[in-house]
Amino acid sequence: MPLIAFSPRKPAIVLYGVTGFNGADGLLAKLGKHTTGKGCLYIKKLADVDGKVLETLVSKAFAAKSLR
């Protein structure tokens with residue numbers, strides 16, 4: 001099973017596994033326009049979010065999950 005997954009759906013881009021770690025809430029607050037679900041991050045357009053914050057969010061989520 002992947003630690004982080006991506007799905008380009010019609011209504012939104014979905015990233016699985018990038019929430020729920022220490023520090024995620026702070027990064028999500030800086031990310032831009034998005035919504036979240038249980039372990040999912042929904043982004044309608046990449047132009048709506050800060051690319052550097054998204055990169056940091058994915059990197060930190062991967063690091064947190066790979067340490068388990």
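**Entry 1: the strands**

I began with threonine 35, which stands opposite tyrosine 42 in E4. Before going further, I noted that this is a predicted model, where local features need pLDDT of at least 70 and side-chain atom pairs count only at pLDDT 80 or more, while totals for chains, interfaces and linings use all residues. Residues are numbered from 1 along each chain as its sequence is written, and side-chain values use heavy atoms, with hydrogens and water left out.

My labels come from DSSP runs numbered from the N terminus: helices (H or I) have at least four residues and strands (E) at least two. Two strands pair if DSSP finds at least two bridges between them.

In what order do the strands of the open sheet lie? I read E1-E2-E4-E3, four strands with antiparallel pairing. E1 and E3 (35–36) are the edge strands, each pairing on one side only.

Then I went through the pairs. E1 and E2 (residues 13–16) are antiparallel over four bridges, and alanine 5 has tyrosine 16 in E2 as its bridge partner. The hairpin joining E1 to E2 runs through four residues.

E2 and E4 also pair in the antiparallel sense, over four bridges. From this pair I wrote down leucine 15 with leucine 41 in E4, and valine 14 with tyrosine 42 in E4.

E3 and E4 (residues 40–43) pair in the antiparallel sense over two bridges. Their hairpin has three residues between the strands, and glycine 39 there takes a positive phi near 75°.

Buried means under 20% relative accessible area, exposed means over 50%, and partly exposed is in between (1.4 Å probe, protein chains only).

I looked at isoleucine 43 in strand E4. Is isoleucine 43 buried or exposed? Its relative accessibility is 0%, so isoleucine 43 counts as buried. Leaving out residues up to four places away in sequence, isoleucine 43 touches Ala12, Ile13, Leu15, His34, Val49 and Leu54. I also checked proline 11, which is 32 residues from isoleucine 43 along the chain; their C-alpha atoms are separated by 8.8 Å.

Next came serine 7, in strand E1 (residues 5–8). Serine 7 counts as buried because its relative accessibility is 18%. With residues up to four places away in sequence not counted, serine 7 touches Ala12, Ile13, Val14 and Tyr16.

Threonine 19 sits in the loop between E2 and H1. A relative accessible area of 15% makes threonine 19 buried. Which residues does threonine 19 contact, leaving aside neighbours within four places in sequence? I listed Ala24, Leu28, Thr36, Gly39, Cys40 and Lys65.

**Entry 2: the helix pair**

Two packed helices are described by the angle between their axes and the distance between the axes. Here the axes are lines fitted to C-alpha atoms over the stretch in contact, and angles run from 0 to 180 degrees between N-to-C directions.

I found H1 (residues 24–31) packing against H2 (residues 51–66) at about 160°, with the axes 9 Å apart. That angle makes H1 roughly antiparallel to H2 (under 35 degrees counts as roughly parallel, over 145 as roughly antiparallel, 65 to 115 as roughly perpendicular and the rest as oblique).

Finally, I noted who meets whom: Ala24, Leu27, Leu28, Lys30 and Leu31 in H1 meet Val53, Leu54, Thr56, Leu57 and Lys60 in H2. The residues of this contact divide into seven nonpolar, one polar and two charged (Ala, Val, Leu, Ile, Met, Phe, Trp, Tyr, Cys and Pro count as nonpolar, Asp, Glu, Lys and Arg as charged, and the others, Gly among them, as polar).

Terms used. Contact = heavy atoms within 4.5 Å.
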